[in-house]
Amino acid sequence: MARVLLVDDEENLRLALRTYLRKQGFEVVAAGDVDSALAECAKEAFDFVVTDVRMPGRSGLELLAELRAKHSATTVVVMSAYGSVDQALEAIRAGAYDYVAKPFKPEELGFVLRKAEEREALRRENRELRAALLDNHQFEELLGRSDPMKIVFNTVAKVAPFKTTVLITGESGTGKELVARAIHRRSPRATKGFVTINCGAIPEALLESELFGHKRGAFTDANQDKKGLFEEADGATLLLDEVGELPVSLQVKLLRVLQEGTFRRLGETQDRKCDVRVVAATLRDLNADVKTGRFREDLFYRLNVLTVNVPPLRERREDIPLLVDQFIQRYNSRLGTRVTGLDPQASKLVYDYNWPGNVRELENTIERAMVLADAPVLRPTDLPERLREPQDPVAAELARGDLSVKRTTRVIEEILIRRALEKTKGNRTRAAELLEISHRALLYKIKEYGIS
Ligand SMILES: Nc1ncnc2c1ncn2[C@@H]1O[C@H](COP(=O)(O)OP(=O)(O)OP(=O)(O)O)[C@@H](O)[C@H]1O
Ligand SMILES: [Mg+2]
């Protein structure tokens with residue numbers, strides 16, 4: 001419902017217009033002079049201000065100037081007195097949207113407001129379409145051809161059309177936010193906004209007001225009524241990033257808004273409704289948090305209706321070449337470079353590294369290499385030390401992603417035995433002590449692994 005502020009010193013006119021506009025479905029607040037009009041605007045934003053020009057005290061043109069400066073999103077319509085077309089034109093020049101000349105029928109004003117509403121809706125749509133297009137460029141498509149990513153794509157495609165809450169899990173830098181955006185872009189809300197909040201980055205005291213808004217005076221610094229993100233994202237998608245960091249008190253409120261679609265602004269007593277599609281992301285193991293009581297079980301089940309797990313990059317190395325190509329293209333256009341690819345040794349280093357920071361680390365590494373490179377083909381020396389150093393063999397083994405306890409333990413055991421023997425310069429008795437196994441067991445294993 002569009003909010004209108006009516007400003008006129010004539011009470012009868014105010015009452016008549018207010019009644020008419022309310023019937024037309026507008027939410028109307030009336031003010032008798034410029035100062036009280038500005039006080040209303042400071043409390044909560046209006047879509048329209050309809051103001052008389054000549055009033056005792058400050059004039060409607062002064063109000064217009066202040067509104068342009070402080071509340072530029074508000075559309076102003078001026079009511080000018082009969083015979084003062086000059087004033088009306090001056091108002092338009094100063095940024096008013098339109099004017100109606102007194103005396104007028106309420107329908108005339110209604111018509112002007114409808115027209116302005118349509119224009120606003122078109123503008124908004126335009127802005128959002130443009131933002132969505134920009135989005136597409138800034139956050140290129142989610143790439144991947146590995147089997148684990150195919151599962152991700154599949155789930156995204158299936159769940160996108162519904163309002164179902166989705167929980168996205170995965171290590172840092174795996175692409176959780178990109179997955180959330182992909183869901184949004186394929187949903188019927190694609191032309192609406194995509195709002196994100198990082199629950200871990202905002203102090204607990206502010207988080208409630210960020211999410212649900214507050215009433216003026218709800219706490220010391222609350223000078224104005226404020227909408228929360230659930231209101232901002234009405235009709236759109238809201239990504240709750242790091243949802244595992246949400247304090248328990250807010251978990252209850254989140255559960256309520258997910259279940260009933262209602263919430264309260266901080267300091268208010270009446271419920272408000274909203275229609276928000278929630279996508280949550282976390283790198284924490286929420287299941288474990290539920291067991292320790294850090295995370296409410298009921299909320300966990302509510303969020304976890306559908307989970308998309310984005311696997312770490314080391315478990316889908318087939319995606320690396322694709323991502324590398326993409327990042328080279330991206331940074332060629334951003335940096336103005338002409339890099340064509342990696343030489344075979346550099347490719348191998350990039351492919352074998354275990355990428356604890358996942359896709360983000362890969363992207364940063366490629367960008368850095370492109371900045372440092374002297375030739376169009378990236379070489380090992382353009383890559384950071386950590387990729388070139390022989391990796392800790394234990395870490396490398398674990399990074400292979402083989403989950404077999406038996407195979408992995410054997411490889412690691414061999415590594416430890418070689419290390420112990422190296423350290424003791426071949427003294428088996430001493431090595432057995434370091435390994436905390438019997439001398440006899442060590443001899444057996446040396447033979448088994450063929451260590452000389
Ligand atoms: N599959 C992918 N295809 C292309 N780019 C990707 C892919 N996955 C991640 N990226 C890029 O990697 C970077 C990190 O991705 P994103 O921010 O989505 O990760 P995240 O899982 O949300 O990380 P964090 O847990 O640290 O918030 C972004 O620049 C993103 O564009
Ligand atoms: Mg993220």
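With a relative accessibility of 37%, L335 counts as partly exposed, where buried means under 20% relative accessible area, exposed means over 50%, and partly exposed lies in between (1.4 Å probe, protein chains only). This is a predicted model, in which local features need pLDDT of at least 70 and side-chain atom pairs count only at pLDDT 80 or more, while totals for chains, interfaces and linings use all residues. Residues are numbered from 1 along each chain as its sequence is written, chains are lettered from A and ligands numbered from 1 in the order in which they are written, and side-chain values use heavy atoms, leaving out hydrogens and water.

**A nonpolar surface patch**

- L335 is located in helix α13, which covers residues 319-335; helices (H or I, at least four residues) and strands (E, at least two) are DSSP runs numbered from the N terminus.
- Together with V371 and L372, L335 forms a nonpolar patch on the surface, and the accessible area of these residues together is about 250 Å².
- Patches consist of residues with over 30% relative accessible area and no salt bridge, like charges being joined within 9 Å and nonpolar side chains (Val, Leu, Ile, Met, Phe, Trp, Tyr) within 5 Å.
- Accessible areas come from the Shrake-Rupley method with a 1.4 Å probe, and for residues only the protein chains shown count as cover.

**Helix α15**

- Helix α15 has 15 residues (358-372), which should span 21 Å at 1.5 Å a residue, and the distance of 21 Å between its end C-alpha atoms agrees with this.
- The expected span is 1.5 Å times one less than the number of residues in the helix.
- The buried residues of α15 include V359, L362, I366 and M370.
- These buried residues of α15 pack against α13, α14 (344-352), β16 (377-378) and α16 (385-388), contact meaning heavy atoms within 4.5 Å.

**Backbone features**

- Most residues other than glycine have a negative phi, and most peptide bonds are trans.
- The peptide bond joining K102 and P103 is cis, with omega about -5°; P103 is found in the loop between β5 (98-101) and α5 (106-138).
- W355, which is not a glycine, has a positive phi of about 45° and is found in the loop between α14 and α15.
- K425 also has a positive phi, near 50°, and is a residue other than glycine; K425 is found in the loop between α18 (405-423) and α19 (428-435).
- W355 counts as buried because its relative accessibility is 0%, whereas K425 counts as exposed because its relative accessibility is 77%.

**Aromatic pairs**

- Five aromatic pairs are found in a search of the whole structure.
- One of them is the stacked pair of F212 and F230, with 5.3 Å centre to centre and 5° between the planes.
- This pair links distant parts of the chain, since F212 is in helix α8 (residues 204-212) and F230 is in helix α9 (residues 229-232), 18 residues apart.
- F212 is buried, with a relative accessible area of 1%, and F230 counts as buried at 1% relative accessibility.
- Y353 and W355 form an edge-to-face pair, with 4.6 Å centre to centre and 90° between the planes.
- Rings of Phe, Tyr and Trp (its six-membered ring) pair if their centres lie within 6.5 Å; planes under 30 degrees apart count as stacked, over 60 as edge-to-face and the rest as tilted.
- F212, F230 and F263 form one aromatic cluster.

**Salt bridges**

- The count of salt bridges comes to 39, each being a side-chain nitrogen of Lys or Arg within 4 Å of a carboxyl oxygen of Asp or Glu.
- R114 and E117 form a salt bridge of 2.8 Å, N to O; because they are three residues apart in helix α5, about one helical turn separates them.
- D275 and K163 meet in a salt bridge of 3.0 Å, N to O.
- D275 lies in the loop between β12 and β13 (277-282) and K163 in the loop between α6 (147-159) and β6 (166-169), so this pair ties together parts that are 112 residues apart in sequence.
- D289 and R284 form a salt bridge in which the closest N and O atoms are 2.7 Å apart; D289 is buried, with a relative accessible area of 7%, while R284 is partly exposed, with 28%.
- A network of salt bridges links R3, E27, E44, E231, R265, E268 and R272.
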